[in-house]
Amino acid sequence: MAGSNNDLSVLERSPLFDDIVNGVAPPCNFVVQGHQYDMGYYLSDEIYPQYATLIQTISSPNTAKKKFFAKRQEAVRKDVERAFGVLQARWHIVKGPERMRNVKDIGKIMKTCIILHNMIIEHERQQGVDPESWRPLPDENVEPVVPQHDCAFLVRDKEVHNELKIDLINQLWDQFGDSEN
């Protein structure tokens, strides 16, 4: 069906939360602003649902705290997007959709590409090459990877999402907010 592979439908079929749902994820316990949390979270943009494991940016921040949070969260998201862009440009196996391999193999491929990339960067650094100057070829077109997998989500707690987001905003402001002024 045309248009059926949008971000939300892909999220619903992805294995992103399988380990949490199946109880095999490594423990991820942390405290923010005095509140205990038992699941890790991913930074996302505002199109994603308010799950306990997805923290969106604030599209129209109206306080100094919220503006600071949005600025820092967007900076981190852009760093991650750039890192995946570098991997996609350098390692063609990471470029497009991968439907022939299972999820564990795809994970191993990604880890291998990251390790190889880091080895190349270290080697270039030793040779006096500036890794910041590396750019993908202009004719390379990178298409997004679209995972296919059914998964029932048990991580959709909107109340935990809202509490965590408020705690993260306040924690970030308490730690770094005054340094921005």
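**Exercise 1.** In this predicted model, list the buried residues of helix H3.

*Solution.* The buried residues of H3 are Phe68, Phe69, Ala70, Gln73 and Arg77, together with Leu87, Gln88, Ala89 and Arg90.

**Exercise 2.** Count the aromatic pairs and classify the pair of Phe30 and Tyr37.

*Solution.* Rings pair if their centres lie within 6.5 Å; the count is three aromatic pairs. For Phe30 and Tyr37, the centres are 5.5 Å apart and the planes stand at 25 degrees. Planes under 30 degrees apart count as stacked, so the Phe30 and Tyr37 pair is stacked. Phe30 and Tyr37 are both buried. Ring pairs also bring in Tyr41, giving a cluster of Phe30, Tyr37 and Tyr41.

**Exercise 3.** Classify the pair of Phe68 and Trp173, and state which helices it links.

*Solution.* The ring centres of Phe68 and Trp173 are 5.9 Å apart, with 80 degrees between the planes. Over 60 degrees counts as edge-to-face, and the Phe68 and Trp173 pair is edge-to-face. Phe68 belongs to helix H3 and Trp173 to helix H5 (residues 158-176), so the pair links distant parts of the chain, 105 residues apart. Both Phe68 and Trp173 are buried.

**Exercise 4.** Which residue lies over the face of Phe176?

*Solution.* Arg72 does, at 4.9 Å from the ring centre.

Note on methods
Residues are numbered from 1 along each chain as its sequence is written. This is a predicted model: local features need pLDDT of at least 70, side-chain atom pairs count only at pLDDT 80 or more; totals for chains, interfaces and linings use all residues. Side-chain values use heavy atoms; hydrogens and water are left out. Buried means under 20% relative accessible area, exposed over 50%, partly exposed in between (1.4 Å probe, protein chains only). Helices (H or I, at least four residues) and strands (E, at least two) are DSSP runs, numbered from the N terminus. Rings of Phe, Tyr and Trp (its six-membered ring) pair if their centres lie within 6.5 Å; planes under 30 degrees apart count as stacked, over 60 as edge-to-face and the rest as tilted. A charge sits over a ring if NZ of Lys or CZ of Arg is within 6 Å of the ring centre and within 35 degrees of the ring normal.
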